[in-house]
Amino acid sequence: MVIARLCALLLICVSLCTVSAARAEDGYRLWLRNAPVADAAQQRPGQVVLVGIESPTMILARDELSRGLAELFPGGATGRTTPILLRRVIGPQMREGAFTIASMDQGVAITANSDTGLLYGAFALLRELGQGKALASIRLDEAPAYDLRMLNHWDNPDGHVERGYAGRSIFDWWHLPGHVDARMTDYARANASIGINGVVINNVNARATMLEPRYIAKAKALADTFRPWGIRLYLSARFSAPRDIGGLKTADPLDPAVRAWWKAKADELYSAIPDFGGFLVKANSEGQPGPQDYGRSHANGANMLAEAIGNRGVVIWRAFVYAAENDEDRAKQAFTEFQPLDGKFASNVVVQVKNGPIDFQPREPFHPLFGAMPKTRLSLELQITKEYLGFASHLAFLAPLFEEVLDADTGRSGTVADTVSVIAGVANTGSDRNWTGSHFDQANWYAFGRLAWNPKLPSKQIASEWAAQTFSRDPAFLNAVVPMMLASRDAVVDYMTPLGLAHVMGTGHHYGPAPWVADLDRPEWNPVYYHRADRDGIGFDRTATGSDALAQYAPAVAKRLLADEALLLWFCHVPWDHRLTNGSTLWEELPRRYDRGVATVARMGTTWAGLAPYVDQQRHRAVADFLTIQADEARWWRDASLAYWSSVSGRALPAGHEAPAHPLAWYQAQRFPEAPGQ
Ligand code: GCV
């Protein structure tokens with residue numbers, strides 16, 4: 001009887017342990033797992049001591065560090081230990097958030113002249129230790145490259161996330177402000193750990209409702225939660241709000257009553273949220289209202305809001321505009337519209353430009369507005385959520401894509417990174433337990449934050465930091481997983497949009513291949529608009545003989561872009577027999593690129609299978625499943641695309657390439673009304 005009871009007890013214990021172990025490795029803890037450091041010989045950190053007047057942020061920094069160190073060094077601070085000092089000093093003018101970490105006589109000191117600097121320093125120390133570095137060797141002297149490093153959520157008040165692949169909105173709009181979910185603190189903490197200091201909580205396709213008192217109360221509850229983590233809250237504002245909810249007959253930005261309405265609205269927001277960051281606006285774009293509805297310019301609209309906000313915050317005005325009525329090449333329209341407005345925006349307006357001139361494709365040239373608006377503050381908008389790169393199910397590490405655009409030489413005033421003063425990323429978070437819909441998509445959130453902090457960080461370092469903290473710091477694991485991550489974005493380019501192809505995804509949801517679509521209302525919504533393939537050739541002529549979009553770049557850059565075969569079909573319409581620098585014809589090279597993408601994904605699957613010993617079963621399995629989905633879908637992309645190019649060119653596939661699994665009509669008949677994120 002006693003033995004039976006003991007056995008039962010043991011069973012309960014075992015199952016409880018299993019459950020908690022499983023919970024611990026479900027991805028919720030992101031890169032903040034602080035897995036124990038094995039090296040017992042390491043100099044152990046001791047007590048964390050705060051030097052300076054305590055503030056909520058400093059207390060968070062101390063607690064974060066104390067907890068993190070206890071997790072990293074679970075044996076406790078016995079024997080000879082090194083105290084960690086968090087020192088808030090009045091010092092030379094440094095950018096808000098800057099910090100140093102250095103060994104001193106009294107211990108290891110994290111020094112900053114702002115509270116957020118100490119918080120970032122605390123996370124940085126944990127990050128270094130989390131990679132297995134020895135405490136005594138850690139010396140850092142860091143300052144963020146940009147004042148504003150922000151996430152843009154495309155979350156709607158009904159909980160749906162536009163282009164969201166990780167479940168519903170993480171903001172529990174319905175229960176706010178009465179209940180602020182504990183997850184909001186975890187979310188703010190994760191952002192702070194990588195230096196993100198601003199969040200726009202609602203979709204740029206905004207509802208005016210978000211500006212009503214009911215929603216301002218919800219926003220206030222979130223802002224109060226985010227504040228100690230150094231994060232300011234922003235709202236997307238619907239330009240027609242004075243009409244929609246203000247009872248006015250117009251939203252004309254030059255109308256005094258409209259201006260007064262926005263001023264009163266801004267005052268109302270600031271009295272609820274004293275550090276309110278400002279507005280993000282999508283105007284006269286994809287059906288959104290804007291100043292052009294009243295014959296006014298984007299500058300008129302932005303400046304009117306900027307006046308209402310005053311020196312309390314900023315207005316971030318998006319340059320993502322194109323119009324069906326405009327038959328100018330879509331890739332040119334934003335430049336045509338915005339470049340002449342350089343110098344006309346108020347000083348607290350930031351113009352936000354997507355990384356490329358079309359729309360977050362797997363590969364695009366950088367947007368020509370970078371470097372071309374020297375008198376305007378610009379923000380670089382990156383997309384962390386993978387609308388066009390296989391949703392959450394495809395493993396595509398985006399740091400190389402981000403790095404490519406940040407490092408691009410504008411030929412005018414340095415690199416893209418040099419020309420911007422804000423970095424924004426369209427968030428990939430959602431209600432899924434692992435936050436981002438897949439474990440590896442956490443790496444894209446992480447990479448975004450790290451690059452917004454320091455745009456010069458190499459992708460390889462970011463991948464290694466993230467993988468070490470998220471899975472295992474074992475060199476054998478890192479030596480396999482880092483190259484796999486670094487190759488993954490190019491694999492997507494190869495099997496979806498090789499050689500400069502773009503926007504050939506399924507209608508609306510952008511899931512899967514659909515290069516054949518030609519019947520949508522707006523010409524530029526049709527994939528055929530972008531690839532222009534026919535019997536003779538393929539590609540969009542953006543040289544002087546075509547739309548001349550190339551002329552929007554500095555001449556030396558235009559020359560370089562034209563010579564870049566990775567962008568061949570973006571800039572040129574060429575015959576199928578066009579000779580590439582490797583001697584092959586385009587028609588020979590295309591299937592090779594698709595095959596290369598498919599093969600890379602297959603290799604990723606094999607690599608990952610071999611990494612089972614380093615990763616807990618639950619996460620290993622989830623990643624393996626998704627890699628299988630990706631392998632199938634890569635093959636589908638390849639087959640459908642080649643079947644279509646073959647049919648328009650009238651050419652059989654070159655020898656040595658497997659025929660598509662199905663006839664073209666089969667691919668064309670596929671429908672996915674339930675695809676997420678629409
Ligand atoms: C928020 C693309 C996306 C839209 C998105 C838009 C934008 O067109 O498909 O979902 O809308 O970009 O960035 O405004």
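This is a predicted model: local features need pLDDT of at least 70, side-chain atom pairs count only at pLDDT 80 or more; totals for chains, interfaces and linings use all residues.

Residues are numbered from 1 along each chain as its sequence is written, and side-chain values use heavy atoms, with hydrogens and water left out.

A pocket is an open set of points, on a 1 Å grid over the protein atoms alone, where a 1.4 Å probe fits, with protein on both sides within 12 Å along at least five of seven lines; lining residues have an atom within 4 Å of a point.

| Pocket | Volume |
|---|---|
| Largest | about 580 Å³ |

The largest pocket is lined by 29 residues, and Glu96, Asp147, Asn197, Gly230 and Arg232 lie nearest its centre. Helix 3 (a DSSP run of H or I, at least four residues) gives the most to this lining, with three residues. By class, the lining of the largest pocket holds 10 nonpolar, 10 polar and nine charged residues, where Asp, Glu, Lys and Arg count as charged, Ala, Val, Leu, Ile, Met, Phe, Trp, Tyr, Cys and Pro as nonpolar, and the others, Gly among them, as polar.

The second largest pocket has 25 lining residues, of which Arg163, Glu286, Tyr322, His510 and Trp525 are the closest to its centre. Its lining has nine nonpolar, six polar and 10 charged residues. Because domain 2 (148-470) and domain 3 (494-668) both give residues to this lining, the second largest pocket lies between them; the domain bounds come from an automatic or database domain assignment.

Methods
Grid points are joined across faces, edges and corners, and a volume is the space filled by probe spheres set on the points. Helices (H or I, at least four residues) and strands (E, at least two) are DSSP runs, numbered from the N terminus.
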